Amino acid sequence: MPDEALQRSLSLRQQVYERLRTDLRTGEYEPSQRLTEIGIADTLGVSRTPVREALGMLSHDGLLLQLPKGGFRVPEIQVEDLNDIFELRYLLEPYAAGLAARNAYHDGVSGIHAAIQSEKRNLTDHKYMNFIKASDNFRRRLFEMAGNKRLLTAIFQVEAQVQSNRTEIRDDWSNRTAIIAEQERILEAVCVRNAENAARAMRAHLTTIKNMLMTGVQHQADSSPSA
């Protein structure tokens, strides 16, 4: 009986974590917005314990910052933060794309292709969560094919640092079009197992994403009351 209760608790914690993570990524919570256990527990209709645990997990992932006097807030990404984050992404992701090209197999390539087709179907969808899910699927399929679980974990931990800012580049169909075109170039290199071209295409893709995010951060700074 205790084991069953523990399992239910862990399952609920994971459900709360996934719900909050999705909400953060789709812009449900604004940068610098404060989140509390009580408020989220009331909103989701659950007890405070799984909420507290989920908030701790999100803080560990870098999606939330814990406040000294209690509660959490959505981090507000600055230019310096983006530079630091992308310095790591430039090290990890082109390397992983190259490994994926070397290890390419049919099911993995088919999964990447299917993710891109899903992105295209959601190109002009105002409910951009479907596009984000498809884009995430592209990345996961690609990096899983690299065959290094620790590398995969490191990539997504670093990327999580900018999750709350991603909607600024995903809710514009012209940005989505650019993203898809670059992903197709990565896929082309993977299909012929050209590791060098896959790494180069991934690096170019990261530069595009970084520039889009920089534009969003600058827009936030210009529109802030203190600007």
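Here are some notes on this predicted model, point by point.

1. A few ground rules. This is a predicted model, where local features need pLDDT of at least 70, side-chain atom pairs count only at pLDDT 80 or more, and totals for chains, interfaces and linings use all residues. Residues are numbered from 1 along each chain as its sequence is written, and side-chain values use heavy atoms, with hydrogens and water left out.

2. Overall layout. The protein chain has ten helices and three strands, in the order α-β-α-α-β-β-α-α-α-α-α-α-α along the sequence. Helices (H or I, at least four residues) and strands (E, at least two) are DSSP runs, numbered from the N terminus.

3. Burial and surface. Of the 227 residues in the protein chain, 45% are buried; buried means under 20% relative accessible area, exposed over 50%, and partly exposed in between (1.4 Å probe, protein chains only). The accessible surface comes to about 12,100 Å², with 50% of it belonging to carbon and sulfur atoms (Shrake-Rupley method, 1.4 Å probe; for residues, only the protein chains shown count as cover).

4. Contacts along the chain. Take contacts between residues at least 6 apart in sequence: 75% of them join residues at least 24 apart. Contact here means heavy atoms within 4.5 Å.

5. The main core. The largest nonpolar core has 43 residues, and those with the most contacts inside it are Leu82, Phe86, Leu142, Phe143 and Val190. A nonpolar core is a set of buried Ala, Val, Leu, Ile, Met, Phe, Trp, Tyr and Cys residues joined through side-chain atoms within 4.5 Å. Helices H4 (79-102), H5 (106-121), H6, H7, H9 (173-191) and H10 (195-223) each give two or more residues to this core, and the largest share, ten residues, comes from H10. Setting aside residues up to four places away in sequence, Phe143 touches Glu93, Ala96, Ala97, Leu152, Ile155, Phe156 and Met202. Apart from this core lies another, of 17 residues, with Leu24, Leu35, Ala54 and Phe72 among them.

6. Tyr17 is found in H1 and is buried, at 9% relative accessible area. Beyond its neighbours within four places in sequence, Tyr17 is in contact with Ala54, Met57, Leu58 and Asp61. Arg13 also lies in H1, but counts as partly exposed at 24% relative accessibility. Arg13 and Val51 are 38 residues apart in sequence and 6.6 Å apart in space, C-alpha to C-alpha.

7. A loop residue to look at. Leu67 sits in the loop between strand S2 (65-66) and strand S3 (72-73). Why is Leu67 counted as partly exposed? Because its relative accessibility is 22%. Residues up to four places away in sequence aside, Leu67 touches Arg34, Phe72 and Arg73.

8. The largest pocket. About 280 Å³ of space lies in it, and 14 residues line it, with Arg21, Arg140, Leu152, Phe156 and Gln157 nearest its centre. On a 1 Å grid over the protein atoms alone, a pocket is an open set of points where a 1.4 Å probe fits, with protein on both sides within 12 Å along at least five of seven lines; lining residues have an atom within 4 Å of a point. The volume is the space filled by probe spheres set on the points, which are joined across faces, edges and corners. H1 (2-25), H6 (129-144) and H7 (149-159) each supply at least two lining residues, with H7 giving the largest share, five residues.
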